[in-house]
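Work through the exercises below with the sequence and the 3D view at hand. Each task is followed by a solution in steps.

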Amino acid sequence: IDGTGTLTLKPTTTTNVINIGAATDAGSTTLDILSGEITLLGTNFTNITFGSPSQTGNISLQGNFIAPGTASVTFDGPLLLNAARTITASTVTAKAINGSSSSLSVVGNAIFNGAITSTSTLSVSGTTSLGANITTTGTQGYAGAVTLGAGVTLATTDSNITFSSTLNSLTSSRALTITAGTGTVTFTGAVGGTLALGATSITAA
């Protein structure tokens with residue numbers, strides 16, 4: 001399967017679960033996009049979208065995901081991790097993410113429009129746009145520039161949060177609250193150098 005533009009994969013019923021990357025079908029009420037089928041996707045798509053704006057059934061990631069070619073990937077519904085997962089794409093866009101107490105690694109840029117919860121660790125190798133709160137038990141690491149699209153809270157359980165590049169608001173001053181307990185918070189680049197943050201509170205070692 002190949003083409004240009006966006007390929008959208010969604011169930012006819014938005015409450016149905018979308019399983020991505022499993023080896024076998026889960027059942028007749030589930031949209032199963034098997035690991036073998038993902039490998040058949042052509043490299044000319046610019047974006048692969050799972051779900052739709054009205055998707056309420058979980059988008060369950062059954063394995064690591066690598067987008068074809070230079071495509072971005074959009075999870076347009078609640079994303080559920082069943083174990084430690086790595087998502088590789090030019091840009092990963094997601095709504096709410098439930099990590100099921102597992103880690104999430106994004107290889108590429110990330111746009112998080114919903115809250116991330118029940119996740120052990122989070123790392124992003126590219127730029128990150130934050131539009132909601134992120135809670136992890138372990139570390140959070142942002143290798144590229146970070147922008148705040150909304151007031152957000154970043155929280156860990158006594159674990160480090162590392163910003164390895166700049167940190168700015170996106171379009172107007174946005175509040176930032178960080179709670180890392182006995183963990184440390186490290187800023188390597190300028191904070192607010194392009195567009196200042198709003199009220200900022202940091203609780204850490």
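**Exercise 1. Find what share of the contacts between residues at least 6 apart in sequence join residues at least 24 apart.**

Solution. A contact means heavy atoms within 4.5 Å. Among contacts in the protein between residues at least 6 apart in sequence, the share that joins residues at least 24 apart is 30%.

Two notes apply throughout. This is a predicted model, in which local features need pLDDT of at least 70 and side-chain atom pairs count only at pLDDT 80 or more, while totals for chains, interfaces and linings use all residues. Residues are numbered from 1 along each chain as its sequence is written, and side-chain values use heavy atoms, with hydrogens and water left out.

**Exercise 2. Describe the secondary structure and overall dimensions of the protein.**

Solution. Step one: helices (H or I, at least four residues) and strands (E, at least two) are DSSP runs, numbered from the N terminus.

Step two: the radius of gyration is taken over C-alpha atoms, and the globule rule is 2.2 Å times the number of residues to the power 0.38. The protein has a radius of gyration of 17 Å, close to the 17 Å that the rule gives for 205 residues, so it is as compact as a globular protein of that length.

Step three: the C-alpha trace spans about 50 × 30 × 25 Å along its principal axes.

**Exercise 3. Count the aromatic pairs, then classify Phe 65 with Phe 75 and Tyr 142 with Phe 163.**

Solution. Step one: rings of Phe, Tyr and Trp (its six-membered ring) pair if their centres lie within 6.5 Å; planes under 30 degrees apart count as stacked, over 60 as edge-to-face and the rest as tilted. The count is five aromatic pairs.

Step two: the ring centres of Phe 65 and Phe 75 are 6.4 Å apart and their planes stand at 75°, so this pair is edge-to-face. Phe 65 is in strand β6 (residues 65-66) and Phe 75 in strand β7 (residues 72-76), so the pair ties together parts ten residues apart in sequence. Phe 65 and Phe 75 are buried (under 20% relative accessible area; exposed is over 50%, partly exposed in between; 1.4 Å probe, protein chains only).

Step three: Tyr 142 and Phe 163 are stacked, at 5.4 Å centre to centre with 15° between the planes. Tyr 142 belongs to strand β14 (residues 140-142) and Phe 163 to strand β17 (residues 161-163), 21 residues apart. Tyr 142 and Phe 163 are both buried.
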